[in-house]
Amino acid sequence: MRHPLHWLIWPLLSEAFSGKLHCGVGTNTFADCPQCLESAMNSGVIDFWWNWGYATKVDMSHLHPEVAAKAKRSFTPMIWGTKVPKNFNFFNLGSEYVMGYNEPDQYGPACAGESSIGTFGCGEDEYRPATSAGFAELFDPAKAAQEWQKLVNFLAKVPRVAGASLTRLAAPSMAQAASPVDDCHRDPAAPLNLKFCRGWLQSFKAKTLTLNCTSLTGQRSNCWDVIEALPIHAYARNAQEIKEKLQQYHEVFREDFEGRNGRRPKKLWLTEVTMGSNEAQELVSFVEELMNPENGLQNREIFGFVDRISWFSEWSMGAFQLSSYTPQQDEAWSSSLFEPTTGHFTPHGARFIHHCGGGTLAKQPVAAPKALPPLPAPQAAAVAPPAPSSLSGSGACSIGAAVSCPNGGSCQGNQCCPDGSTCPSADASFKGCGDVKTEDCTKVSEPMRLLLLSAISPMMRF
């Protein structure tokens with residue numbers, strides 16, 4: 001028999017045992033589109049963003065103070081290559097993590113029109129900065145490990161102000177496959193040498209395990225186990241290829257994700273992902289296949305090992321070979337989550353936000369871990385949410401639940417009621433409506449908290 005408070009208890013249990021998927025955006029467009037940044041922060045589901053640098057590069061003086069503060073706190077800095085940062089303000093913005101080198105496992109040189117004709121990846125009239133850090137000093141994982149040791153030990157000595165937030169390191173971000181392991185000790189700039197290095201992170205791990213580093217919290221370790229997250233990048237024409245790449249990295253580095261054999265536990269991040277397409281419906285379908293709660297990343301029983309995902313959001317990018325797909329000459333793709341003039345979400349952006357907020361998970365929770373007795377999946381409309389007018393402060397709904405508005409109408413999660421007030425089941429950080437919540441059914445009062453504890457305790461004995 002289902003527990004009478006199953007619909008309220010279940011989100012607490014599933015969160016505790018599977019872990020939330022943290023959503024973000026990787027983009028350089030916020031500097032030109034502050035309204036896009038505002039949409040992201042007001043969505044209530046974007047936990048972090050990054051821009052391949054260690055400074056936000058956004059004028060936030062015209063943003064609402066709460067939006068600007070959240071944007072600073074949620075910014076995750078990156079040290080792109082071997083160049084030492086000019087300042088270390090990023091230690092105090094709010095992020096726990098700083099990410100390492102960007103794609104040292106592939107050669108992505110800058111293009112400068114006619115002067116770079118013949119350079120790998122550069123067209124006759126192409127002008128762009130380097131896309132990847134895989135130059136001579138980083139393409140070889142053994143040399144990169146020595147550069148990493150210098151960087152980590154340098155960062156460990158940076159003076160900190162009291163309460164500095166930055167204490168964790170993410171590894172260099174990978175573009176290529178986890179295996180097999182290529183021999184990448186030759187300079188990729190030479191015409192006949194490899195331009196892409198599969199298995200780079202395996203070789204990097206082997207070398208850094210032999211080197212000594214000091215973590216950002218002052219602890220001595222090898223230079224591999226100062227790392228707490230492994231970011232990867234993935235692009236495809238279908239989402240199944242993305243999921244297979246994630247599973248490959250999880251298998252190859254399983255001992256790191258599980259903290260076995262003396263390894264410090266690490267998390268897997270997917271920090272660049274998009275589909276190679278300009279077709280709106282194709283992009284929407286891609287997001288659905290990637291993120292859905294049945295067999296996508298929001299099925300935390302299958303993909304609970306993925307801790308972060310950030311969508312690669314740019315107005316335009318040059319097309320490139322993806323598996324068997326060969327783009328046409330001068331083909332370009334757009335991956336932006338936002339409309340450039342309004343900052344509103346594009347169709348696939350809205351779908352991404354939908355799934356980041358839990359999507360249909362609020363109605364169809366994932367299965368319980370095997371160690372617990374299974375709870376039946378809730379039936380459609382089996383338990384109707386009580387009217388919000390009777391729930392204020394009771395904690396009688398979960399964030400994202402479909403509920404009635406206090407003055408008529410209905411809403412679900414991060415939406416606005418017809419009277420302009422914020423939905424009673426919206427996330428506390430959602431600021432997209434004309435008025436605040438007049439009633440809040442997500443806050444748990446002390447009597448309700450005690451009732452929940454008494455209901456959950458017998459289940460935990462199994």
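In which loop is the place of proline 180? Select proline 180: it sits in the loop between strand E6 (168–170) and H6. Keep in mind that the model is predicted. The peptide bond that joins serine 179 and proline 180 is cis, with omega about 0 degrees.

**The whole chain**

Zoom out. The chain holds 12 helices and 15 strands. Of its 462 residues, 49% are buried. Take the contacts between residues at least 6 apart in sequence: 65% of them join residues at least 24 apart.

**Helix H6**

Next select residues 200–208, which form helix H6. Its buried residues are Trp200, Leu201, Phe204, Lys205 and Thr208. Looking down the axis of H6, you find these buried residues within an arc of 130 degrees, so they line one face of the helix. Now show what covers them: helix H4 (136–139), helix H5 (141–156), strand E8 (220–222), strand E9 (227–236), helix H7 (239–252) and helix H8 (254–258) are included.

**Helices H7 and H9**

On the H7 side, select Ala239, Gln240, Ile242 and Lys243; on the H9 side, select Phe286, Glu289 and Leu290, which they meet. The residues of this contact comprise 4 nonpolar, 1 polar and 2 charged.

**Helices H2 and H3**

Move to residues 34–42, helix H2. Buried here are Cys36, Leu37, Ser39, Ala40, Met41 and Asn42. They pack against strand E2 (46–50) and helix H3 (65–73). After H2 comes glycine 44, with a positive phi near 80 degrees.

Then select H3, where Val67, Ala68, Lys70 and Ala71 are buried. Seen down the axis of H3, these residues fall within an arc of 165 degrees, so they line one face of the helix. Their cover includes H2 and E2.

**Two residues with positive phi**

In the loop between E2 and H3, select tryptophan 52. Its phi is near 70 degrees, a positive value in a residue other than glycine. Aspartate 330, in the loop between strand E12 (317–318) and strand E13 (332–333), also is not a glycine and has a positive phi, of about 65 degrees. Which of the two is buried and which is exposed? Tryptophan 52 has 12% relative accessibility, so it counts as buried. Aspartate 330 has 71%, so it counts as exposed.

**The nonpolar cores**

Where are the residues with the most contacts inside the largest nonpolar core? Select Trp49, Trp148, Met291, Ile309 and Phe352 to see them; this core has 81 residues. Its largest share, 6 residues, comes from H5. Another core, of 14 residues, lies apart from it and has Trp50, Met78, Ala170 and Phe312 among its members.

Return to phenylalanine 352. Leaving aside neighbours within four places in sequence, phenylalanine 352 is in contact with Cys23, Gly24, Ile46, Val287, Met291, Ile309, Trp311 and Leu337.

**Last stop: histidine 355**

Select histidine 355 in helix H11 (residues 347–356). Is histidine 355 buried or exposed? Its relative accessible area is 1%, so histidine 355 is buried. Again leaving aside neighbours within four places in sequence, the residues in contact with histidine 355 are Val287, Glu288, Met291, Asn292, Pro293 and Gln298.

Technical notes
Residues are numbered from 1 along each chain as its sequence is written. This is a predicted model: local features need pLDDT of at least 70, side-chain atom pairs count only at pLDDT 80 or more; totals for chains, interfaces and linings use all residues. Side-chain values use heavy atoms; hydrogens and water are left out. Buried means under 20% relative accessible area, exposed over 50%, partly exposed in between (1.4 Å probe, protein chains only). Helices (H or I, at least four residues) and strands (E, at least two) are DSSP runs, numbered from the N terminus. The arc is that of the directions from the helix axis to the C-beta atoms. Contact means heavy atoms within 4.5 Å. Ala, Val, Leu, Ile, Met, Phe, Trp, Tyr, Cys and Pro count as nonpolar, Asp, Glu, Lys and Arg as charged, and the others, Gly among them, as polar. A nonpolar core is a set of buried Ala, Val, Leu, Ile, Met, Phe, Trp, Tyr and Cys residues joined through side-chain atoms within 4.5 Å.
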